[in-house]
Amino acid sequence: MTETLNTSAGSRPNSWTGAAAILFDLDGVLTPTAVVHERAWQELFDGYLETVPEKDGYQESDYFDHIDGKPRFDGVRDFLTSRGITLPEGPADDDPDNITVQGLGNRKNRIFNEIVGSGVEPYAGSVRFLEAVLDRGLKVAVVSSSRNAPSVLRAAGLADRFEVVVDGVVAAEEGLPGKPDPATYEYAARLLDLPSEQCIVVEDAVSGVQAGSAGSFHSVIGVDRGAGRQTLLDAGATLVVSDLGELL
């Protein structure tokens with residue numbers, strides 16, 4: 001079943017006729033865990049950079065410039081590259097206390113899980129939008145670079161809404177490149193048995209918007225949680241809102 005969802009005039013499309021599914025990013029779109037990721041990354045790199053004091057310290061802008069929306073270990077590599085640092089890769093299950101790419105990534109994951117262990121409150125506007133989408137008969141999926149997506153969905157009370165979740169674990173198992181490549185979104189569309197052209201991508205990260213723009217998707221909704229409206233438009237967003245509740 002396809003529907004035309006309500007939109008207002010101006011920067012938004014007049015209709016979404018032909019859309020049959022919404023593919024949601026998780027952190028920063030459905031849940032405020034993007035903020036938790038920011039905190040975890042800062043804690044990780046603040047601690048690590050104390051061991052290399054000749055390098056510039058971690059800045060808030062580093063999250064959006066080098067990390068946001070990417071698979072975890074790509075974020076580690078890209079941040080280190082920004083500081084001219086090269087580390088051994090290490091095994092995938094490397095100890096979080098080891099100074100390797102995998103070790104630092106696993107340390108960040110440990111920090112993140114410690115923070116979210118007490119529960120996650122989803123964005124109210126996103127929940128209203130999700131319920132409206134489901135009421136209209138559209139299919140939905142979560143497409144996240146995070147390997148923690150299922151646990152975050154459970155903590156937010158949203159796990160039962162999504163039969164299809166393509167996260168970092170699935171991407172690794174299927175050999176799918178991460179965002180900004182569109183492969184994970186395209187894979188979610190296939191799992192929903194739909195062509196990409198009938199799927200709307202919803203993203204808050206530049207790399208995620210770029211992924212949606214790079215594929216043949218119906219449209220890309222950017223949610224501005226800090227990346228900046230114009231930045232998301234420049235990355236390929238069809239429209240940008242500050243909260244998905246604005247679309248109802």
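1. Glu203 touches Asp25, Val29, Lys179, Tyr185, Gly208, Val209, Ile221, Gly222 and Val223, leaving aside residues up to four places away in sequence. Contact here means heavy atoms within 4.5 Å. Glu203 lies in strand β4 (residues 199-203). Its relative accessibility is 0%, so Glu203 counts as buried. Buried means under 20% relative accessible area, exposed over 50% and partly exposed in between, with a 1.4 Å probe and protein chains only.

2. On provenance: this is a predicted model, in which local features need pLDDT of at least 70 and side-chain atom pairs count only at pLDDT 80 or more, while totals for chains, interfaces and linings use all residues. Residues are numbered from 1 along each chain as its sequence is written, and side-chain values use heavy atoms, with hydrogens and water left out. Helices (H or I, at least four residues) and strands (E, at least two) are DSSP runs, numbered from the N terminus.

3. Take helix α1 (residues 33-49) and helix α3 (residues 72-82). Their axes come within 13 Å and cross at roughly 45°. Axes are lines fitted to C-alpha atoms, for helices over the stretch in contact; angles run from 0 to 180 degrees between N-to-C directions. α1 and α3 are therefore oblique to each other. The classes are roughly parallel under 35 degrees, roughly antiparallel over 145, roughly perpendicular from 65 to 115, and oblique for the rest.

4. α1 passes α3 in a right-handed crossing. That term means the near helix is turned clockwise from the far one by less than a right angle; anticlockwise is left-handed. On the α1 side, Trp41, Phe45, Tyr48 and Leu49 make the contact; on the α3 side, Arg72, Gly75, Val76, Phe79 and Leu80 do. By class, this contact has seven nonpolar, one polar and one charged residues. Ala, Val, Leu, Ile, Met, Phe, Trp, Tyr, Cys and Pro count as nonpolar, Asp, Glu, Lys and Arg as charged, and the others, Gly among them, as polar.

5. α3 also meets helix α4 (residues 101-116): the axes come within 9 Å and cross at roughly 115°. This crossing is right-handed. Arg72, Phe73, Val76, Arg77 and Leu80 of α3 meet Val101, Gln102, Leu104, Gly105, Asn106, Lys108 and Asn109 of α4. The contact divides into five nonpolar, four polar and three charged residues.

6. In helix α6 (residues 149-156), the buried residues are Ala149, Val152, Leu153 and Ala156. They cover an arc of only 100° around the axis, which puts them on the same side of α6. The arc is that of the directions from the helix axis to the C-beta atoms. These buried residues pack against α1, α4, β2 (139-143) and β3 (165-166). Gly157 follows α6, with a positive phi near 75°.
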